Amino acid sequence: MSVAITIGERRGAVAGDGPVTMDLAELLSTRLLVQGNSGSGKSHLLRRLLEQSARMVQQAIIDPEGDFVSLAERFGHLVIDAAEHTEAALQAAGERMRMHRASVILNLEGVDADVQMRRAAAFLGGMFEVPRDYWYPVLVVVDEAQLFAPAAAGEVSDEARRASLGAMTNLMCRGRKRGLAGVIATQRLAKLAKNVAAEASNFLMGRTFLDIDMMRAADLLGMERRQAESFRDLERGYFVALGPAVCRRPLAVKIGPVETESRSAGPTLMPFEPVPAGDEIRELILTPVPERELPARAPRHASPPPDILSQLAAHAETATLEAEAAAPEAPPVDAAALRLRFIDILTDILRDEDAGFRPVHVLYQDFLVRCRIEGMGRDALDMPRFRRLLAVARAGVDATTVESEDWRQAEQMAAVLPDDMQGIFLLIARAALHGEPCPSDSVIARTYGTHSLGRARRQLAYLEEQNMIVLRHDGLGRRSAAIIGRGWETAPALPEGG
């Protein structure tokens with residue numbers, strides 16, 4: 001069955017004047033995207049489309065401003081006020097309107113953006129999840145679609161945005177097989193989620209001024225970039241149409257008249273005669289409000305009401321002081337022993353083969369959990385001190401070495417380096433202190449947290465540039481490293497391997 005509706009007239013020197021029709025059956029299979037800045041006639045176009053097809057196909061209208069409520073009186077649509085119903089009730093309404101084949105207008109006027117998104121998602125979800133026996137064709141018109149499928153997060157909650165965006169994606173991507181034909185209208189393509197806009201095959205592009213919107217409109221219509229500026233010159237009520245339901249080439253269309261009126265039509269300019277600011281106007285505007293209508297005010301000398309947050313803070317402080325007074329006196333903490341215990345915990349963490357490649361913040365969380373298990377509290381060590389001890393633990397030092405004077409000097413030298421380089425320097429310093437072979441590239445790479453041997457060699461070159469170490473190679477290609485200014489030097493070793 002092929003049913004054509006007339007949406008307006010075409011204008012052009014080649015084509016001449018004539019009616020422009022839209023194949024309703026094709027529209028139900030291919031969906032429609034309408035774009036136009038405020039005042040371009042976008043709502044007028046939707047109203048024309050709805051009026052022409054009202055007797056031919058079931059309709060569902062998501063109406064954020066109550067513009068289309070006037071269709072109910074003429075065509076018998078059921079108006080559902082979203083402010084008076086819960087999300088569960090709206091989901092059930094979405095299912096039942098398809099079962100009983102009733103055209104519905106979901107009026108979202110009077111509720112904030114977050115609630116609009118949640119309730120529109122519930123209603124669309126009910127229409128989408130209806131049993132297969134009720135998959136009759138429905139024309140689903142969503143005005144101001146950028147509100148329900150935003151391209152970026154805004155002031156609404158993430159939960160509401162995800163629910164609304166998911167419902168709009170289902171409508172445009174998966175709705176066709178369920179009989180749902182999405183017709184979405186937006187003021188700006190740049191604000192509309194791309195995965196929602198990309199599913200439309202028919203387009204009606206109205207007046208727009210921003211370059212990014214003009215370029216996207218031109219791309220969707222297959223026009224050259226130099227033709228994009230023509231969208232600035234479109235008059236109110238004129239749109240460029242393209243798609244299998246309308247025409248195969250871009251065509252300028254003047255939208256035809258409508259039978260119903262919008263409740264929220266723009267203001268009309270009327271003659272204005274200023275009223276002289278005399279005593280009568282002064283009395284009308286500045287008449288004192290009766291005392292019973294004014295909120296009661298506390299006298300200025302009265303003390304301010306107690307702050308509940310201050311009360312809670314004072315209560316918590318009192319409870320803490322009482323707990324500290326009742327608790328037995330804690331034994332003095334041995335800072336050196338505690339530092340050694342921290343190093344032991346870090347060494348145990350680093351025994352895991354993958355630990356060397358984990359981000360520092362992940363290792364820090366693991367470290368804090370282990371400290372809490374041992375009764376050291378939630379804030380056993382701050383992040384800067386943790387990074388320094390992590391470098392020491394990566395060097396693989398034992399308790400005897402940590403407490404030596406030479407090692408303290410090595411840590412002082414490492415302190416001038418970036419955090420990620422301190423572990424490599426201390427690794428070499430430990431080997432030099434004990435006369436052990438120079439660490440291999442693979443060991444240095446793991447200490448740095450990388451699998452790249454080339455990156456490991458670049459870190460050694462960086463330490464040389466900073467006058468921290470000197471690298472030497474003998475005739476056999478073995479590498480040794482000396483710590484500048486300390487006389488510590490590693491034994492020669494091959495740079496590659498183990």
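**Overview. Burial and fold of the predicted chain.** Of the protein chain's 498 residues, 43% count as buried. Buried means under 20% relative accessible area, exposed means over 50%, and partly exposed lies in between (1.4 Å probe, protein chains only). This is a predicted model: local features need pLDDT of at least 70, side-chain atom pairs count only at pLDDT 80 or more, and totals for chains, interfaces and linings use all residues. Residues are numbered from 1 along each chain as its sequence is written, and side-chain values use heavy atoms, with hydrogens and water left out. The protein chain holds 18 helices and 14 strands. Both are DSSP runs numbered from the N terminus: helices are H or I with at least four residues, strands are E with at least two. Among contacts in the protein chain with a separation of 6 or more, 67% join residues 24 or more positions apart. Contact means heavy atoms within 4.5 Å.

**View 1. Arginine 31 is buried without a salt bridge.** Arginine 31 lies in the loop between α1 (24-30) and β3 (32-35). A salt bridge needs a side-chain nitrogen of Lys or Arg within 4 Å of a carboxyl oxygen of Asp or Glu. For arginine 31, the nearest side chain of opposite charge is glutamate 199, 4.3 Å away. In this count Lys and Arg are positive, Asp and Glu are negative, and His and the chain ends are not counted. The backbone of glutamate 199 is reached instead: the side chain of arginine 31 comes to its oxygen at 3.1 Å. Leaving aside neighbours within four places in sequence, arginine 31 also touches other residues, including Leu171, Met172, Arg176 and Gly182. Ala200, Ser201 and Asn202 are among its contacts too.

**View 2. Three phenylalanines, Phe342, Phe367 and Phe386, are linked into a cluster by ring pairs.** A pair of aromatic rings is described by the distance of the centres and the angle of the planes. Rings of Phe, Tyr and Trp (its six-membered ring) pair if their centres lie within 6.5 Å; planes under 30 degrees apart count as stacked, over 60 as edge-to-face and the rest as tilted. The structure holds 2 aromatic pairs. Phenylalanine 342 and phenylalanine 367 pair edge-to-face, with 5.6 Å between centres and 70 degrees between planes. This pair links distant parts of the chain, 25 residues apart: phenylalanine 342 is in helix α11 (residues 335-350) and phenylalanine 367 in helix α12 (residues 360-373). Both phenylalanine 342 and phenylalanine 367 are buried. Phenylalanine 367 and phenylalanine 386 form a tilted pair, 5.3 Å centre to centre and 50 degrees between the planes. Here helix α12 is linked to helix α13 (residues 383-394), where phenylalanine 386 lies, 19 residues from phenylalanine 367. Phenylalanine 386 is buried, as is phenylalanine 367.

**View 3. Aspartate 348 meets arginine 351 and arginine 370.** A search of the whole structure finds 12 salt bridges. Aspartate 348 and arginine 351 form one, with closest N and O atoms 3.1 Å apart. Arginine 351 is exposed, with a relative accessible area of 61%. Aspartate 348 counts as partly exposed at 38% relative accessibility. Its side chain also meets that of arginine 370 in a salt bridge (2.7 Å, N to O). Aspartate 348 lies in helix α11 and arginine 370 in helix α12, so this pair ties together parts 22 residues apart in sequence. Arginine 370 is partly exposed, at 28% relative accessibility.

**View 4. Glutamate 436 forms a salt bridge with arginine 430.** Their closest N and O atoms are 2.8 Å apart. Glutamate 436 counts as partly exposed at 28% relative accessibility. Arginine 430 is buried, with a relative accessible area of 16%. Elsewhere, salt bridges with shared partners join Asp114, Arg118 and Glu159 into one network.

**View 5. Arginine 101 lies over the face of tyrosine 136, and arginine 178 over the ring of phenylalanine 128.** A charge sits over a ring if NZ of Lys or CZ of Arg is within 6 Å of the ring centre and within 35 degrees of the ring normal. Arginine 101 is 4.2 Å from the ring centre of tyrosine 136. The charged end of arginine 178 is 4.2 Å from the ring centre of phenylalanine 128.

**View 6. Arginine 132 sits in the loop between α5 (113-128) and β7 (138-142).** Arginine 132 counts as exposed, at 63% relative accessibility. Its C-alpha atom is 9.8 Å from that of glycine 179, 47 residues apart along the chain.

Key: Polar contact = N/O pair within 3.5 Å; in protein donor to acceptor, adjacent residues only side chain to side chain.
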